[in-house]
Amino acid sequence: MPRFALQVEYDGAPFAGWQAQADQPSVQGAIEAALARLDPGFATRRIAAAGRTDAGVHATGQVAHADLDREWDPFRLSEALNWHLKPAPVAILRAARVPDDFHARFSAVERRYLFRLVARRAPLTHGRGQVWQVLNPLDVDAMRAGAAHLVGHHDFTTFRSSICQAKSPVKSLDEIRIEVADIPQGYEYRFHLRARSFLHNQVRSIVGTLERVGAGSWAPERVGQALAARDRAACGPVCPPHGLYLTGVGYPCDPFDGPIGR
């Protein structure tokens, strides 16, 4: 069976998350239904993704793979899938033929996330459901100082969900970069996080904690103290899912760049 990698973009608002569920809409379920219309033999198979995003979380660079019964031109496959995905807010950005040993999850060496936070008094008319809104400006330098305590190889027990199924809380967080931009009557803060893998709710726990630093409720050094506590109770609030985006997945060889992909 030929294996294809799919680069996927979606609005997570109407879904109960990436993972297929019997009684709720999911991104995985929408793509699998579209694949089954193109390839009847696929109806008994599943796709695998680089990350199982939670309910309400978006993606601009999710990667999944699927095994199909027939060969497809990658461009025609992406076009056909997009036709059958309508009107769901899911788009196949690119498709590529990949080797049989490629696995969207286990071959990945890096995941990149973005969290968007807007600070302004007026309600949002554009981007509602796409960002987390707070009312008052944040101290970006303080948040950067707090974030510096988290970069590196650490036990992230404090910053993972109590229902996280990862075997170990020890992870290497390679980057936290915080950008700020002026918007009408406010500011948008963009948190970029990069690591080989993340724990359940790790990004949302980190951003929620850093927001407390930016608001002046926490001193930057308290982030380091919370990390050292290795105690979920020491974490700041977990921010809502609708500001979070999976923006990219890294592989030793880019599946979408080369003679086997378009």
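Me: In which helix does Ser 205 lie?
Reply: This is a predicted model, with residues numbered from 1 along each chain as its sequence is written, and local features need pLDDT of at least 70, side-chain atom pairs pLDDT 80 or more, while totals for chains, interfaces and linings use all residues. Side-chain values use heavy atoms, without hydrogens and water. Helices (H or I, at least four residues) and strands (E, at least two) are DSSP runs, numbered from the N terminus. Ser 205 belongs to helix H4.

Me: Is Ser 205 buried or exposed?
Reply: Buried means under 20% relative accessible area, exposed over 50%, partly exposed in between (1.4 Å probe, protein chains only). The relative accessible area of Ser 205 is 0%, so Ser 205 is buried.

Me: With which side chain does the side chain of Ser 205 make a polar contact?
Reply: A polar contact is a pair of N or O atoms within 3.5 Å; within protein, one must be able to donate a hydrogen and the other to accept it, and residues adjacent in sequence count only if both atoms are side-chain atoms. Ser 205 touches (heavy atoms within 4.5 Å) residues including Phe 159, Cys 235 and Pro 237. Its polar partner, at 2.9 Å, is Arg 232.

Me: Why is the pair of Tyr 10 and Trp 18 classed as it is?
Reply: Rings of Phe, Tyr and Trp (its six-membered ring) pair if their centres lie within 6.5 Å; planes under 30 degrees apart count as stacked, over 60 as edge-to-face and the rest as tilted. Here the centres are 6.1 Å apart and the planes at 40°, so the pair is tilted.

Me: How many residues apart in sequence are the parts that Phe 115 and Trp 132 tie together?
Reply: These two rings pair edge-to-face, at 6.2 Å and 85°. Both residues are buried. Phe 115 is in strand S5 (residues 110-120) and Trp 132 in strand S6 (residues 132-134), so the separation of the parts in sequence is 17 residues.

Terms used: Lists of a residue's contacts leave out its neighbours within four places in sequence.
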